[in-house]
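Here is a short briefing on one protein structure. Look at the chain first, then work through the points below.

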Amino acid sequence: MAGAAAVASLAAVAAGWLDLDGPTATATLRRWWPSSSSSGGGRVFAAGPSSPLQVWAHMQVYKLSIGAACGLAWPSDRVIVQVLDDSTDPTVKDLVELECKFWANKGKNVKYEVRNNRKGYKAGALKQGMLYDYVQQCDFVAVFDADFQPEPDFLIRTVPYLVHDPRVALVQARWEFVNPNEFLMTRIQKMTLDYHFKVEQEAGLTYLTSGTAGVWQISSVKEAGGWEDRTTVEDMDLAVRVGLKGWKFIYVGDVKVKSELPSNLKAYRRQQHRWTCGAANLFRKTGREIMLTKEASFGRNLYLIYSFFFIRKVVAHVVPFMLYCVVIPLSVLIPEVRVPVWGVVYIPTAITLLYAIRNPSSIHFIPFWILFENVMSFHRTKATFIGLLELGSVNEWVVTEKLGNSSCTKPAPQILEKPPCRCWDRCTISEILVAIFLFFCATYNLVHGSDFYFVYIYLQAITFLIVGTGFCGTSRSNS
């Protein structure tokens, strides 16, 4: 496999028997425990990740994930750990299988499953994983991507919600990050994701699934048709279909699952492309279906179409780039065009304050966050139109590289030597061209203008240049 990125796809799955006739949950839900001696009750199946990993990435990634799934506090005879391996490299396959055998020898019920193809990627792996006979016994499935590490009490603190309300389809936990202080780029990612979880999830502004670190009611998954691979956001696709069936979602912000932020710029770009393009493409494919469905109220359908998809998945990506990287810079070249002060000052200030309020410890990074997010809005805008128009890379799936960073573990040696990164491999021409355009506009404003737009435009141009030349994050890449 020389010259190619060898990848492994992992899925850590935890499942177990749940005694419905046993003790009920306490108020805090932390001391709830099923009776291991009772013969009655349903089953809970917790299923996990299918995120491919670079063969040269720190191999502690899958070890941490599988180890965390095997360490879930649940009666050992009522829990199944399933590892879905889509690896294309025999070395990685052997290592993952060896890790599964290690835990099996310690008395854990571990199922190592592989497919003969990678059709559907994560959605395909999860769909195949649900077809095994031992899964049919289970009532719930918890999903963890390969770099996610649930705490031992994860099931104890999430499953009771599903037991006490049979119409709850999903209990979603919050992501916690092991490497937020690694680079400025990871700090900015944390600020963005913190806003998503603290504001959007807690306020119920989204269908409460993040694709991982959640527990599904299997009956809701089956009723909605299971995971589909028609887009690159299989989690959002499933959540929309489940929601239209009348099921409910619960977000539990005090249950946190450790994960890793991508520290490589190209990996982060690809992740954002997959998330943004997939959501826009799902909008295209389900818009008519949502409006015509009779199973949900008109208000819910309208919310999905207008607020969830159109505003948050299209407008929210396109408007920032068009306004701050196109309209404002062009306005300095055309004196007759004046951008209202509310568009230049009031709206950005309000948005900034919203983020600052939820991230008081990172308030000094707000200027960097604004500039970097404007650069990423350029890529998200491209991805949005690719998804809406179903252009060539609409179903592109390049898995986000994770290096196995952890604040509590030492780095493990790499399996293969990573070839050196050449300078031109780091560069992104489109970003450099935008930087040149912004430099021109800023210089024109400095020489001929009567305002001070050039200060912001110069800063934005420098940011595009830094990101476009790859001097951001690590130099590792899975390209």
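In which helix is the place of Thr381? Thr381 sits in helix H11, residues 366–389. This is a predicted model: local features need pLDDT of at least 70, side-chain atom pairs count only at pLDDT 80 or more, and totals for chains, interfaces and linings use all residues. Residues are numbered from 1 along each chain as its sequence is written, and side-chain values use heavy atoms, with hydrogens and water left out.

- Helices (H or I, at least four residues) and strands (E, at least two) are DSSP runs, numbered from the N terminus.
- Thr381 counts as buried because its relative accessibility is 7%. Buried means under 20% relative accessible area, exposed means over 50%, and partly exposed is in between (1.4 Å probe, protein chains only).
- A polar atom of the Thr381 side chain lies 2.7 Å from the backbone oxygen of Ser377.
- Ala224 belongs to the loop between helix H6 (218–223) and H7. Ala224 is buried, with a relative accessible area of 11%.
- Ala224 and Lys245 are 21 residues apart along the chain, yet their C-alpha atoms are separated by 7.2 Å.

**Salt bridges**

- Side chains of opposite charge can pair when their charged atoms come close.
- The whole structure holds 18 salt bridges. Each is a side-chain nitrogen of Lys or Arg within 4 Å of a carboxyl oxygen of Asp or Glu.
- One of them joins Lys122 to Asp145, with the closest N and O atoms 2.7 Å apart. Lys122 lies in helix H3 (residues 121–129) and Asp145 in the loop between strand S7 (140–144) and helix H4 (154–164), so the pair ties together parts 23 residues apart in sequence. Lys122 and Asp145 are both buried.
- Lys122 also meets Glu234 in a salt bridge (3.8 Å, N to O). This pair links distant parts of the chain, 112 residues apart: Glu234 is in helix H7 (residues 234–244) and Lys122 in helix H3. Glu234 is buried, and so is Lys122.
- Arg230 and Asp237 form a salt bridge too (2.8 Å, N to O). Arg230 is partly exposed, at 25% relative accessible area, whereas Asp237 is buried at 1%.
- Shared partners join the salt bridges of Lys122, Asp145 and Glu234 into one network.

**Helix H8**

- H8 has 28 residues and spans 41 Å from its first C-alpha to its last. That is close to the 40 Å expected at 1.5 Å a residue. The expected span is 1.5 Å times one less than the number of residues.
- A kink of about 50° is centred on Thr286 in H8. The bend at a residue is the angle between axes fitted to the seven residues ending there and the seven starting there.
- At the start of H8, a side-chain oxygen of Asn264 comes within 3.2 Å of the backbone nitrogen of Lys266.

**A nonpolar surface patch**

- Met291, Leu292, Phe298, Leu302, Tyr306 and Phe310 make a nonpolar surface patch of about 630 Å².
- Patch residues have over 30% relative accessible area and no salt bridge; like charges are joined within 9 Å, nonpolar side chains (Val, Leu, Ile, Met, Phe, Trp, Tyr) within 5 Å.
- Helix H8 (265–292) and helix H9 (298–331) each supply at least two patch residues. H9 gives the largest share, four residues.
- Met291 is in helix H8. Met291 is partly exposed, with a relative accessible area of 38%.

Conventions
Areas by Shrake-Rupley, 256 points an atom, 1.4 Å probe, with all protein chains shown as cover. Polar contact = N/O pair within 3.5 Å; in protein donor to acceptor, adjacent residues only side chain to side chain.
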